[in-house]
Amino acid sequence: MRTLIRNVRVFDGERTVPQADVLIDGGRIAEVTAGPVDVEVDGAGKTLLPGLIDAHAHAWDGDLEEALKFGVTTELDMNNLPPILAEQRRQAAERDDVAD
């Protein structure tokens, strides 16, 4: 799947690009090239940035979904019960709407 985000401000972790078009091809950011896209998103007034990592989390039911809403793409759980941790790992492997 190819997704094109147009006219978005980009922060790459070090610098800000005020306006850019960003192509996501197969889950990876790619150089914008000619060709068809599956989805086009208007990024005007928005900022695109790398996913954040929460290196000390205590995640419970629903927390991985909530984390992703705020830009956290990876959580390192510091203390959880084995059945809960197993369920969180299953969710991260099977779903796109939760943090890993």
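Predicted model: local features only at pLDDT ≥ 70, side-chain atom pairs only at ≥ 80, totals over all residues.
Trainee: Is A44 buried, partly exposed or exposed?
Mentor: Start with the cut-offs: buried is under 20% relative accessible area, exposed is over 50%, and partly exposed lies in between (1.4 Å probe, protein chains only). A44 has 42% relative accessibility.

Trainee: Where is A44 found, and which residues does it contact?
Mentor: A44 is in the loop between β4 and β5 (47-48). Strands are DSSP runs of E with at least two residues, helices are runs of H or I with at least four, and both are numbered from the N terminus. Contact means heavy atoms within 4.5 Å. Leaving aside neighbours within four places in sequence, A44 contacts R6 and N7.

Trainee: How far apart in space are A44 and T73?
Mentor: In sequence, 29 residues separate A44 and T73. In space, the C-alpha to C-alpha distance is 23 Å.

Trainee: Which strand holds N7, and what is its phi?
Mentor: N7 is in strand β1. At 35% relative accessibility, N7 counts as partly exposed. Its phi is positive, in a residue other than glycine. The value is near 55 degrees.

Trainee: Why does the bridge between D25 and R2 tie together separate parts of the chain?
Mentor: The closest N and O atoms of D25 and R2 are 3.2 Å apart. D25 lies in strand β2 (residues 16-25) and R2 in strand β1 (residues 2-11), so the bridge ties together parts whose separation in sequence is 23 residues.

Trainee: Is R2 buried or exposed?
Mentor: Compare the two partners. D25 has 34% relative accessibility and counts as partly exposed. R2 has a relative accessible area of 19%, so R2 is buried.

Trainee: How many salt bridges does the protein have?
Mentor: First, the charges: Lys and Arg count as positive, Asp and Glu as negative, and His and the chain ends are not counted. The protein has 10 positive and 20 negative side chains. By the salt-bridge rule, the count is 9.

Trainee: Which residues does T3 contact?
Mentor: T3 is in strand β1. With a relative accessible area of 16%, T3 is buried. Beyond its neighbours within four places in sequence, T3 contacts V22, L23, I24, V39 and V41.

Trainee: Which residues does Q91 touch?
Mentor: Q91 lies in helix α2 (residues 82-94). At 16% relative accessibility, Q91 counts as buried. Not counting residues up to four places away in sequence, Q91 touches L64 and V98.

Trainee: What pattern do the helices and strands follow along the sequence?
Mentor: The protein has 2 helices and 7 strands. Read along the sequence, their pattern is β-β-β-β-β-β-α-β-α.

Trainee: What is the protein's radius of gyration?
Mentor: The radius is taken over C-alpha atoms, and the globule rule is 2.2 Å times the number of residues to the power 0.38. For a compact globule of 100 residues, that would be near 13 Å. The C-alpha trace spans about 50 × 25 × 20 Å along its principal axes. The protein's radius of gyration is 16 Å.

Trainee: What share of the residues counts as buried?
Mentor: The protein has 100 residues. The share that counts as buried is 21%.

Definitions and conventions: Residues numbered from 1 in each chain as written. Heavy atoms only, no water. Charge placed at Lys NZ, Arg CZ, Asp CG, Glu CD. Salt bridge = Lys/Arg side-chain N within 4 Å of Asp/Glu carboxyl O.
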